[in-house]
Amino acid sequence: MTDKSKGFFTLPGEAGYEDLTLELAEKWGADVIRDSDGTVLSPRILTSGYEIYSTLCLIRGVNDWAKAHRDKLQQNFLMSDPVIASESTVTIDLLKGYFREQFEINCNDDPKKWWQVFDRTTGEEVPKDNWEFNRETGTVVIKNAKKWHKYTVNFLAYRIWEAISMYNHITNNWGDREHLMPIDPIYPETQEFILSHLEKWLQEHPHTNVVRFTSMFYNFCWLWGDDPEHLRYRYSDWGSYDFSVSPYAMTKFEEKTGIKLTSEDFINKGLLNNTHNVPSPKIRAWMDFINEFVVTFGRKCVDLVHKYGKKAYVFYDDHWIGVEPYSPRFKDFNFDGIIKCVFNAFEARKCAGVTGVETHELRLHPYLFPTGLKGEPTFKEGGNPTKDAKNFWVKVRRALLRAPVQRIGLGGYLHLVKDFPDFIDYIEELANEFRTLKSLHENDKPYTVPGKVAVLTCWGRLRSWICSGHMHEQPQLDLNHVNEALAGLPLDVEYISFDDIREKGIPDDVKIIINCGRLDSAWSGGDNWKDPEIVAKITEWVAAGGGFIGIAEPTATIFSSQYFQLSHILGVDREIGRTLSRNKYKYTLTEKHFITDEVKEDTDFGTEVDNVYAIDGETDVLAEKGGNVRIAARKFADGRGVYFSGFRFNAQNTRLLFRAILWAMGREEYINRWTCGNFNTECAYFPNSRRLVVINNGENRETTVINDDKGNRIEVSLEPYAVKILEI
């Protein structure tokens, strides 16, 4: 075992708090001190003997250049709020409802070339001769409008306040600090400036060991509103490319691909191109174009960092659009490390699974901010950051038993911890625990059940461990909850797409396919389920012994006579009003089944799908409510199918999903191999070192029994949130 008392921990330092910084660096066993957005490190910290991470965002913090080149600011398409025509002339205030400190109408590029006006009642574009833009008032006037029809304008806007800086500014009450503007590196002039600015920065930071890019160039789409009390965040999506748009880039894209894009390709009837929508071929091509650009220019920046003898890390979040850590191009950046802020297990797995870098580092929560992402108090009166840290850590820890990372750390403003001594003590305990868990993965890999579990989505590997962005509490995001459960289970998990199945079939080592999501979402699959090749290939695979698990509205599309296109495997379908005249099979509840053997209390699946019915007597209905099937199991030739009407992450549901996977694999006996009998606890067995790690995921004292691979019983008692390591 390696020394577990020091290292692998990054601490946020702060000028003016040198004694606190160095004291906590010693207490927490830090080997690195970093700055944060809004802080600097003093000479005393820089020369203290610790490695130094310096945060750098290449597209903000250069306001003098940005002000002199306002036409090189980043921009995007916005859709105006809809207006109902009560007369034949309609006037639309373009920025009404938007936060005017974030956006400014682009008056430089010809509106008649790049903008579009739509009659959203008919779905038709309004002829360009029927509208005019008034630069002075920021309005569009539509003539010859149809009364009582709904009209909107797609228009270009510059972003005059960079979104992450804007959030930090407002959250931390930075008062009259200058608003930082984002510049767009798509332009050759901007690239030249960024490289010269970066080289000057590198020369001026001799103490920096690691340049931590935050992240690269384009932020996820985050539209703010002008009503902070009721609708501050109008729209946000961590996977959207809507903030990477400009007329220059669209022109270059057309030259390269031959594909002409319009504003409506991005506005998409007001939906924009959020991660939940099935991506159009045009948008996938745009994503690939931006990814290629970001990697190509990003590599020049990384090479410059290496030229000065420093390492280059990238932050997964914020300006990660185009970086795509699960893209085949990611390795071409030549980054030394990747950093991911995490709330939970699937985000930790998202970081740990990235290839092409040597170091994976987690930025833990809570951030050292006065408030959290939802505005809740953290490091101020009413906050309990110690409890928050414990709750976040027990989720992350589940993932770290399954997939290792090399480092952890904190971000924010260190002085805020002064009034929370219990937090200071807990982080020392947490850091030591991390170092212990990290050491277990050295020359070892935890036991997993034989056979891979593949999660099937439109995105496949590109969006591994992703469903929108941070956290997973949003209604109807069942897949995030499934990801969270899978992240800590003894399973090998991968992500495949419908295109993968078309082009390569189903991999031989995959034993389970999970399809989870709502109708027409990228997660369920949308129109992909109208493709007979997809349906036939999966049906053949299940018949030959595969296992298929569907959750919420799996395989759903309005096509043919069924709603679930694999209802013959799942054993259920959903009534949506099209087949009301068809009488439904009257099933008898199956009260005893392997899948539900450990259910102790009513299953909470969150926002469930209703009106699900059994298709015939071959389906075992394991749970129902008010005539609605909630859990079903069915044998199909040599394979098996399972259906859940929804999913929410908790201890019981995680065990339920694990049992469903084992049953669908036909490997029920593995429930008694290296699995905790008490589902409030979990374990991981490392066969090379013969070490068994047992964790308590809750606030109560727990006792559990684990059976080893020879059938021997191992009983373990754990204090709340505790971890024990046993030599077997």
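**Figure 1. Strand β11 and its partners in the predicted model.** Four residues lie between the strands in the hairpin of β10 and β11, where G138 adopts a positive phi near 70°.

Figure 2. Strand β3 (residues 51-56) is largely enclosed by the rest of the structure, because five of its six residues are buried. Strand β2 (residues 32-34) runs parallel to β3 and is joined to β3 by three bridges, with R34 standing opposite Y53 of β3. Strand β13 (residues 210-213) likewise pairs with β3 in the parallel sense, over four bridges, and in this pairing R212 of β13 is the bridge partner of T55.

**Figure 3. The interface between domain 1 and domain 2.** The domain assignment of the protein divides it into domain 1 (9-63 + 190-220 + 291-441), domain 2 (449-672) and domain 3 (675-727). The centres of domain 1 and domain 2, taken over C-alpha atoms, are separated by 37 Å, and 23 residues of domain 1 are in contact with 22 residues of domain 2. The area buried between domain 1 and domain 2 is about 2,000 Å², and carbon and sulfur atoms account for 55% of this area. Of the area that domain 1 buries against domain 2, 37% is supplied by Y326, F346 and R398, which is more than any other three residues supply.

**Figure 4. Polar contacts and contributing elements between domain 1 and domain 2.** Seven residue pairs, with both residues at pLDDT 80 or more, are in polar contact between domain 1 and domain 2, and the count of salt bridges between these domains is one. A salt bridge joins the side chains of R463 and E324, with an N to O distance of 2.7 Å. On the side of domain 1 that touches domain 2, β17 (337-341), α10 (345-352) and α11 (385-402) each supply at least two residues, and α10 gives the most to this side, with five residues.

Note on methods
Residues numbered from 1 in each chain as written. Heavy atoms only, no water. Buried < 20%, exposed > 50% of the residue type's maximum accessible area, 1.4 Å probe, protein only. Pairing = 2+ DSSP bridges. Domains from an automatic or database assignment. Contact = heavy atoms within 4.5 Å. Buried area = accessible area lost by both parts, 1.4 Å probe. Salt bridge = Lys/Arg side-chain N within 4 Å of Asp/Glu carboxyl O. Polar contact = N/O pair within 3.5 Å; in protein donor to acceptor, adjacent residues only side chain to side chain.
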